[in-house]
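Subject: Structure handover

Hello,

Here is the structure you asked about. Please open it next to this email and follow along.

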There are 4 protein chains.
Amino acid sequence: MTVNTQKITILGASGYTGAELVRLIATHPSFEIVALSADRKAGKEMSDVFPHLRHLQLPTLCKVDEIDFENVDLIFCALPHGLSQAIVKTLPETVKVVDLGADFRLRDPEAYKHWYGLDHAAPALQKTAVYGLTEFYRDQIASARLVAGTGCNAATVQLALRPLITDQLIDLDDIICDLKNGPSGAGRALKEHMLFTERSTDVLGYAQGGVHRHMGEFEQEFGAAAGRDVNIQFTPHLVPSNRGILASCYLKGDAEQCHAALTEAYANEPFVIVLPFGQAPGTGHVMGSNFCHIGVTGDRKPGRALVTAALDNLCKGSSGQAIQNANLMLGLSETAGLMMAPLFP
Amino acid sequence: MTVNTQKITILGASGYTGAELVRLIATHPSFEIVALSADRKAGKEMSDVFPHLRHLQLPTLCKVDEIDFENVDLIFCALPHGLSQAIVKTLPETVKVVDLGADFRLRDPEAYKHWYGLDHAAPALQKTAVYGLTEFYRDQIASARLVAGTGCNAATVQLALRPLITDQLIDLDDIICDLKNGPSGAGRALKEHMLFTERSTDVLGYAQGGVHRHMGEFEQEFGAAAGRDVNIQFTPHLVPSNRGILASCYLKGDAEQCHAALTEAYANEPFVIVLPFGQAPGTGHVMGSNFCHIGVTGDRKPGRALVTAALDNLCKGSSGQAIQNANLMLGLSETAGLMMAPLFP
Amino acid sequence: MTVNTQKITILGASGYTGAELVRLIATHPSFEIVALSADRKAGKEMSDVFPHLRHLQLPTLCKVDEIDFENVDLIFCALPHGLSQAIVKTLPETVKVVDLGADFRLRDPEAYKHWYGLDHAAPALQKTAVYGLTEFYRDQIASARLVAGTGCNAATVQLALRPLITDQLIDLDDIICDLKNGPSGAGRALKEHMLFTERSTDVLGYAQGGVHRHMGEFEQEFGAAAGRDVNIQFTPHLVPSNRGILASCYLKGDAEQCHAALTEAYANEPFVIVLPFGQAPGTGHVMGSNFCHIGVTGDRKPGRALVTAALDNLCKGSSGQAIQNANLMLGLSETAGLMMAPLFP
Amino acid sequence: MTVNTQKITILGASGYTGAELVRLIATHPSFEIVALSADRKAGKEMSDVFPHLRHLQLPTLCKVDEIDFENVDLIFCALPHGLSQAIVKTLPETVKVVDLGADFRLRDPEAYKHWYGLDHAAPALQKTAVYGLTEFYRDQIASARLVAGTGCNAATVQLALRPLITDQLIDLDDIICDLKNGPSGAGRALKEHMLFTERSTDVLGYAQGGVHRHMGEFEQEFGAAAGRDVNIQFTPHLVPSNRGILASCYLKGDAEQCHAALTEAYANEPFVIVLPFGQAPGTGHVMGSNFCHIGVTGDRKPGRALVTAALDNLCKGSSGQAIQNANLMLGLSETAGLMMAPLFP
């Protein structure tokens, strides 16, 4: 640890994104975890909740109100949707916040209410939150106090499409995104259809028809990027592999132009890699890492492009992105603690 | 076994579709296996090649030229593409043939050459072959001597779309089919990317851009159904579950009309089940069976329909379909030996 | 269906063993399901609870007290442990019962109380129950009114060892059984460690040290077979494959003698197959079937034998066994409806 | 990178242990890869062979004889068994060598010939090699020029048992080790039974009866530790999860004494963690890491102990161990580059 260790707290440490933050921070050169909260599991050791973290010296899980926030540089909120709002507004102004949930992703309170069914409890804060898609909000993130992590699907699809939408290289009225998602995106909550027995040999579409909550992020972000409404078709599917999102995006546009634009857009990005034209990325090649692989192919049908993007939903899609943003907010190297290679096989 | 037992031979019994034929025939009420060929494994017992069939009394694997075809009612050819042609043309006319490979699927020799890179070795036979999509060629199959089983992807997508294409309920110039495929479709051949280690945590698109050989079937069949050229976009993806194809078809058309048309088209089909509007089928719910589940939803984008179809590639997509067709060719009940329920979980 | 159709009811149809019974009965030649109970899901259709059974015409799920038992030949009780006792004792004497739970497995009420922590609610019935290990209780089962299905682990280990224990071919004081178990054995209840995310890449021992409830069955049955106390070491492990138990039994005895004894014991059994000496069975080769494969090898350490047995816990280990027993109780062929081949791959 | 960067070469970089070395070295603070060999894939980029390493700047794969060994501090040999011998003996004395294969594990040339069927090509070198089980050969490794990495099974079982054998806390004539192994241990070679389709739902014992080559290591090492012959029973089983070995060791001895001895033996080890008495380790909790978790329980049968150990075969069982040893050989901190937390879920 360096002299300038940053004191870090994780709220909601007993979920998968909480555990992933701890995993990443374990080898981060300048983060020190000073508190971990988990309301229902307060009093337990992290190693009882997540035995894979047993080798680490970690604070005992506690309730949020037991934390002394004066002693904290930055908080990661990995709480269920709806809980961050109330807590973040009570924190001292000196504490920086990266929220991994959905509470601050949508700037428009009406949109928030539409997609999440709630009046926002901290509308003033909501206005100040910076959207956490690092590659497109880097400067604002660096100076923000509150950063709202993106949805994991939203990250994948935006990395695949955003440069194409901004440059209007594709038909904005005909964007179809078919996603294949690992079950870890659903978290650790007990649901019958998330049992091993139910998922291990099944492939199943869900949230069909444009009802997935990440649609709100696409509306907001693609609308802003294009300067007009953009309404994509978006369908996720559960596949039997813990981690990973593969987004297959069917587009109308020139495939080689799309490839050139993506290649240029991400030329200097440390974590986004555009494959040579015609190559396809796989989720197995980004697992456990903060990398996103993007492939572009054409189709024998002229004027069609297929852009495919793969990332690890728990890492680049959530906790890795959160640390990338925290690094910026704390004046550290953006890649600090995040250069681990993917785990394969 | 009844008096009218049909004498059955399987050529290419050492592959997965061969084994699946044996599995199904094991409980078929009127089929008796009289010979099993496997050139490289001739002389071995089937139980050495497939220990799961150990409880069955089966003929020793032999070479094709050791078989007395006079004693055979029907042959299933489960040979690699390109090998059936030469063999089938030497068989006695009295033997009926169901080919599970690609050799007789395409009626046009030019199309065959385009997709398979070969001049056809039995062009006269090719003309007489009936395409084996039972639900749409039932009468011709019943009176055929040679039936060409469909590709497993081709079966899935056609069951999902054919009634919509015939009735022109959807925009024929904008059909996008994204498939999620179990690795068993690739057969038992040794390929590095088919190792357990490579596939078990990976999701990966392949044959992107319209180069998959089943495209030839879509051209032929959808063209005939529509009375015009139909050029779909088709992209398969490997997912880590042995069996199953889930086809997600993104269409322009009225979703409820599509649902009504599919429901009506398959109302009397024993194996094709259209789910209530808005429900999604999963591959885990058809595994090991001859059923195909089809779901239809709309999208918040008006005029869009999502049709999803699930089947077991080795069964309804290949060997189950083959037996369904053989039943018709032999004057048996179409469902004989095929009503086993899916295996879940 | 034949004239002599047997009217069947399943209590507890919303669990995995209930669904497996329905799957098997779907192609049984003489069973007709007349009622299906599931207390918490009463009023639902089976296809809503288990979409893979959608093709079947089945009674709507109901509460137990809505069933007219006068109209029933045989009941399968697939209820959670402890519930069968109270219900079975209220049924008309004319109804035969196969219980798939643990309520009637242990003849000694003290042993029952020791392993299940409850006083038995129907001790008179308990005395009359026949233990459902078909291969060893065939005659008693054929004339029984109430048969108690074995535990799935208990079935596997007994098929592997019982002939060796009866003949005292092995050291009865030194039997070690290491099991590898598919998660479906834990049922459909919601438990965190049974989520896909938790199980899909983990191998984990549980119930270590001799505390698993199936120990009671080993005590009772091996004790009776040997005419003395037999206390085995038994450790199950969860592995990431839905179905299947592989029991590796480390024994002191002559391996070839053990192989000969098992081969002889099961020579005429329709579902138990002893492999040639030195071959190893796999769970993948019995999946979805009622077969049990047993392999025997020696060790370079003289006087040691390794007996390995594989079966499908939901089928031969539970619902398949139950139907095998019901066939006997109803005077049908023991193998009726049970000869389906395993599903591979 | 620090000033004292160590120049590293990997021979056999196109296999899984080669790729794992690269993964680990990617975030190692003082290693720099200067050459990567892969004879059949020479001329290719590592990113073509292993797309998950695409973000790294790596040397193009070359043939061994293209490497300038003068410029190398340490070589990792990840070659198939039998190939290292010939190559290592031609290397300059100044180059340190960590061999991940079996060539130098057995000190006795007769034992080597017995287990590997070959006369050793470099018997003089073989005598100088230090056995690479870090926790027990730390000092010799630190001063060695050539270290022979252990087999992955050998590492797991020795970590579980070695302190108990040295202290003779258990009956040395009755040690039974049942292993559950991820398929990655078999490497990337093309074998039918290693296809995804064959392994993904199967659990299968192999090398039964004491014929596995790692037996040679147990003989050598346990014999030396005990001062007498020790002949364990050892049976590995393939389970469907890429990485991980779970060794369940059935012992005669006092379980609490065993727990105390293991706890004490590993009290200061950075990578070996003994769980509280009665807790069971899982492979899912060490995946991707260099940690080994060990659990001890008793049995209701007095005088029996069950010691269970879990590690990642590619990391702590092979490449992680290799780097741990290389760190010592190069005078670095033993844990450098190895403190990444396991990946879960």
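In S14(B), Ala305(B) is the bridge partner of Gly298(B). Helices (H or I, at least four residues) and strands (E, at least two) are DSSP runs, numbered from the N terminus. Two strands pair if DSSP finds at least two bridges between them. S13(B) and S14(B) pair in the antiparallel sense, over seven bridges. The two strands form a hairpin with five residues between them. In the turn, Gly303(B) has a positive phi of about 80°.

Two notes before going on. This is a predicted model: local features need pLDDT of at least 70, side-chain atom pairs count only at pLDDT 80 or more, and totals for chains, interfaces and linings use all residues. Residues are numbered from 1 along each chain as its sequence is written, while chains are lettered from A and ligands numbered from 1 in the order in which they are written.

**More on S13(B)**

S13(B) also pairs with S12(B), in the parallel sense, over three bridges. There, Cys292(B) in S13(B) is the bridge partner of Val272(B). Is S13(B) buried or exposed? Seven of its seven residues are buried. A residue is buried if 20 or more other C-beta atoms lie within 10 Å of its own, exposed if 12 or fewer, and partly exposed in between; C-beta atoms are placed from the backbone. Both faces of S13(B) are covered. Cys292(B), Ile294(B), Val296(B) and Gly298(B) are on one side. His293(B), Gly295(B) and Thr297(B) are on the other.

**Helix H10 of chain B**

H10(B) spans residues 255-265. Its buried residues are Ala255(B), Cys258(B), His259(B), Ala261(B), Leu262(B) and Ala265(B). They sit on the same side of H10(B), because they cover an arc of only 165° around the axis. The arc is that of the directions from the helix axis to the C-beta atoms. On the other side of H10(B), Glu256(B) and Glu264(B) are exposed. What do the buried residues of H10(B) pack against? The partners are helix H7 (152-166) and strands S11 (245-252), S12 (272-274), S13 (292-298) and S14 (304-311) of chain B. Two residues are in contact if their C-beta atoms, placed from the backbone, lie within 7 Å.

**Where chains meet**

Chain B gives 39 residues to its contact with chain A, and chain A gives 39 residues. On the side of chain B, the elements that give two or more residues include helix H8 (196-199), strand S10 (233-238) and S13. That side divides into twelve nonpolar, 19 polar and eight charged residues. Ala, Val, Leu, Ile, Met, Phe, Trp, Tyr, Cys and Pro count as nonpolar, Asp, Glu, Lys and Arg as charged, and the others, Gly among them, as polar.

Now look at His52(A). His52(A) is found in the loop between helix H2 (46-49) and strand S3 (61-62) of chain A. Why does His52(A) count as buried? Because His52(A) has 26 C-beta neighbours inside 10 Å. His52(A) touches residues of chain D, among them His285(D), Val286(D) and Phe344(D).

**Two helices in chain D**

H7(D) (residues 152-166) and H11(D) (residues 315-329) pack at an angle of about 100°, with their axes 8 Å apart. That makes the two helices roughly perpendicular. Axes are lines fitted to C-alpha atoms, for helices over the stretch in contact, and angles run from 0 to 180 degrees between N-to-C directions. Angles under 35 degrees count as roughly parallel, over 145 as roughly antiparallel, 65 to 115 as roughly perpendicular and the rest as oblique. Cys152(D), Ala155(D) and Thr156(D) in H7(D) meet Lys316(D), Gly317(D), Ser318(D) and Gln321(D) in H11(D).

**Strands in chain C**

An open sheet of seven strands has the order S3-S2-S1-S4-S5-S7-S6 (chain C), with parallel pairing. S3 (61-62) and S6 (130-131) stand at the edges. Each has a single partner strand, so one side of each is left without a neighbour in the sheet. S1(C) and S2(C) pair over six bridges. Leu11(C) stands opposite Ser37(C) in S2(C).

S8(C) has six of its six residues buried. Six bridges join S8(C) to S10(C), and these run parallel. Six bridges join S8(C) to S11(C), and these run antiparallel. In S11(C), Leu246(C) stands opposite Lys180(C).

Best wishes

Key
Lists of a residue's contacts leave out its neighbours within four places in sequence.
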